[in-house]
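Thanks, everyone. I have one model to go through, and I will keep it short.

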Amino acid sequence: MDVISVYGAPSEYVVSEGILDKLEVKLAERSYEKVLFVHGKKSWKAAKEYIPKFREIQSEQYSYNGECSITEIESLSSFIKKQSFDAVIAVGGGKVLDLVKASSHLSQKPYVLIPTLASNCAPWTPISVIYNESGTFIRYDIYPNNASLVLIEPRILLKAPLEMFIAGIGDTLAKWYEADVQMAKIENKPVPLLVSHYAAKQCKDLLVKHAEAAIEAAKSGVLNDDFIKVFETIITLGGMVGGFGDHYGRIAGAHSIHNGLTVLEETHSALHGEKVAYGILIQLVLENKLDEIKELLPFYKKLGLPKSIEDLGVTDVSVERINQVAEKSTIPGESIHLMPIGSIKAKDVSNAIMTLEKYTRA
């Protein structure tokens, strides 16, 4: 089999109420004297009450423009180098974290991640998802260095928008289906793949077991073990699937469908994890696993995850528009072609979308 690279974990990862009180101490341990906080307006509003004023370390702030795009990456990287920061601190959701990872790589600076959302495994992985200025997916970039430090304040995540948390559950559920389709038939798995495959299975099992109670915690604003279990599944276990599995554990059909959906402007308002959750169902149709879809649909219904393309805001479900999604999903190099189920063409995806529409309506 192919040689795989393991990207294990951030250098330090801590989950604890009040952990940000120790932020300056932990930065000083790393000999950082001048740091840059990068955030969006909403993410800074969510986190600022938990971030103490520094006594010794100099800090500045940078508000990003809303996309992890090449233009934004280059702009931030230039600013980091010009101002000679020792490290960059991302405060926000996946796009802010990905922007800092990419810009830190270009500027050759270490970075610290403080997530304000539990919507994907971005806090764990040295990967950025790159979009163009209008929000259409371009590519994934993988970097040789992971975060110097990841600090998670559970109370910030608890207060985050519920729809983002549910989308994170959908995105992480895909870890099992996208990893399993690639690994299931590998008889002699190297140890890292065993770790990845096990972590992927845990993603599904823990989410199905704890998601409902975790969502109730988010609704009530009362932190519980289920909420912590679910957000650590999203961040830690989700990150381990790709970190130990390399390309076998990252993405397959579900994420290709997500990427294909970005050609439809209506789906830009749908969250990443919502589109990936829909992509799981399309992948399962392509694998001819309708029984698995039948098992998943009650879980989708309880959480409000999309079961059809119309649930993603697409009202004009014409053959032409479905074909556009299918064409984008199956371009050369897309991860859908990593699925060892034979050649997958645009017409196969179009047929799968129509099959799912009929199945869910029935």
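What radius of gyration would a compact globule of 362 residues have, and what does the chain have? This is a predicted model, to begin with. The compact globule would come out near 21 Å, and the chain has 20 Å, which agrees. The C-alpha trace spans about 60 × 45 × 40 Å along its principal axes.

On secondary structure, the chain contains 13 helices and eight strands. Looking at contacts with a separation of 6 or more, 76% of them join residues 24 or more positions apart.

Next, burial and surface. Of the 362 residues, 59% count as buried.

Most residues other than glycine have a negative phi. Which value does phi take at serine 84? It is near 55°, so positive, in a residue other than glycine. Serine 84 sits in the loop between α3 (70-83) and β4 (87-92). Its relative accessibility is 46%, so serine 84 counts as partly exposed.

The second residue is glutamine 108, which is not a glycine but has a positive phi of about 60°. Its place is the loop between α4 (94-107) and β5 (111-115). Is glutamine 108 buried or exposed? With a relative accessible area of 61%, glutamine 108 is exposed, because the cut-off for exposed is over 50%.

That is what I have for today.

Terms used: Residues numbered from 1 in each chain as written. Predicted model: local features only at pLDDT ≥ 70, side-chain atom pairs only at ≥ 80, totals over all residues. Heavy atoms only, no water. Helix = DSSP H or I, 4+ residues; strand = E, 2+ residues; numbered from the N terminus. Rg over C-alpha atoms; globule rule 2.2 N^0.38 Å. Buried < 20%, exposed > 50% of the residue type's maximum accessible area, 1.4 Å probe, protein only. Contact = heavy atoms within 4.5 Å.
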